[in-house]
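Please keep the sequence and the coordinates open while going through them.

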Amino acid sequence: GILAVQNLYTYHCYLEVYKVMKFRAPISLYEEYVCSARKPTLVINQPYPPDNFNTRSTKIWNSITPKLKFQDYTMSAAGLKSKLKCSLQANQHNHTELSWTNKDFELDNLKFLKK
């Protein structure tokens, strides 16, 4: 299936942050994120400037990561891509068949199935 633009943005932001956190590269981007001392898989970001990639991607990261329930960065990028895409697609038309609604893009509604 095809992801809507809003879900495609979420998909790519999340995967980019995952790769930055896992491989710690590029270092200039990695240094912008700080892992939480309480929960190492959550990311803390500086709130300024208020609307840039780091701020938006941190919100996306912190919304999705607890639902995936991974404890470290050992999951392969391919496995993560598959899980995330399936979840976004399942949520995308879960609310109505013929039109888009805001619920189709809410990260709170994402569910990840165990394989």
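Predicted model: local features only at pLDDT ≥ 70, side-chain atom pairs only at ≥ 80, totals over all residues.

1. Residues are numbered from 1 along each chain as its sequence is written, and side-chain values use heavy atoms, with hydrogens and water left out.

2. On helix H3: this helix covers residues 53-68, 16 residues in total, and spans 22 Å from its first C-alpha to its last, close to the 22 Å expected at 1.5 Å a residue. The expected span is 1.5 Å times one less than the number of residues, and helices (H or I, at least four residues) and strands (E, at least two) are DSSP runs, numbered from the N terminus.

3. After the helix comes Lys-69, which has a positive phi, near 60°.

4. On the buried side of H3: the buried residues (under 20% relative accessible area, where exposed is over 50% and partly exposed lies in between, with a 1.4 Å probe and protein chains only) include Asn-54, Ser-57, Ile-60, Trp-61, Ile-64 and Leu-68. The buried residues of H3 pack against helix H1 (5-23), helix H2 (27-30), strand S1 (33-35), strand S2 (43-45) and helix H4 (77-92), where contact means heavy atoms within 4.5 Å.

5. On the largest nonpolar core: such a core is a set of buried Ala, Val, Leu, Ile, Met, Phe, Trp, Tyr and Cys residues joined through side-chain atoms within 4.5 Å. The largest one has 25 residues, of which Tyr-14, Trp-61, Ile-64, Phe-70 and Leu-84 touch the most other members. H1, H3 and H4 are the elements that give two or more residues to this core, and the largest share, 8 residues, comes from H1. Leaving aside neighbours within four places in sequence, Leu-84 is in contact with Tyr-11, Tyr-14, Leu-15, Ile-64 and Phe-112.

6. On the aromatic rings: the whole structure holds 7 aromatic pairs, counted for rings of Phe, Tyr and Trp (its six-membered ring) with centres within 6.5 Å, and called stacked if the planes are under 30 degrees apart, edge-to-face if over 60 and tilted for the rest. The rings of Tyr-14 and Trp-61 are stacked because their centres lie 4.6 Å apart and their planes stand at 20°. This pair links distant parts of the chain, with Tyr-14 in helix H1 and Trp-61 in helix H3, 47 residues apart. Trp-61 also pairs edge-to-face with Phe-70, at 6.1 Å centre to centre and 75° between the planes. One aromatic cluster is formed by Tyr-14, Tyr-18, Trp-61, Phe-70 and Tyr-73.

7. On Thr-65: this residue of helix H3 has a relative accessibility of 1% and therefore counts as buried. Its side chain is joined to that of Tyr-14 by a polar contact of 2.8 Å, a term for a pair of N or O atoms within 3.5 Å in which, within protein, one must be able to donate a hydrogen and the other to accept it, and residues adjacent in sequence count only if both atoms are side-chain atoms.

8. On Val-20: this residue lies in helix H1 and, at 3% relative accessibility, counts as buried. Not counting residues up to four places away in sequence, Val-20 touches Ala-25, Pro-26, Leu-29, Tyr-30 and Tyr-33.
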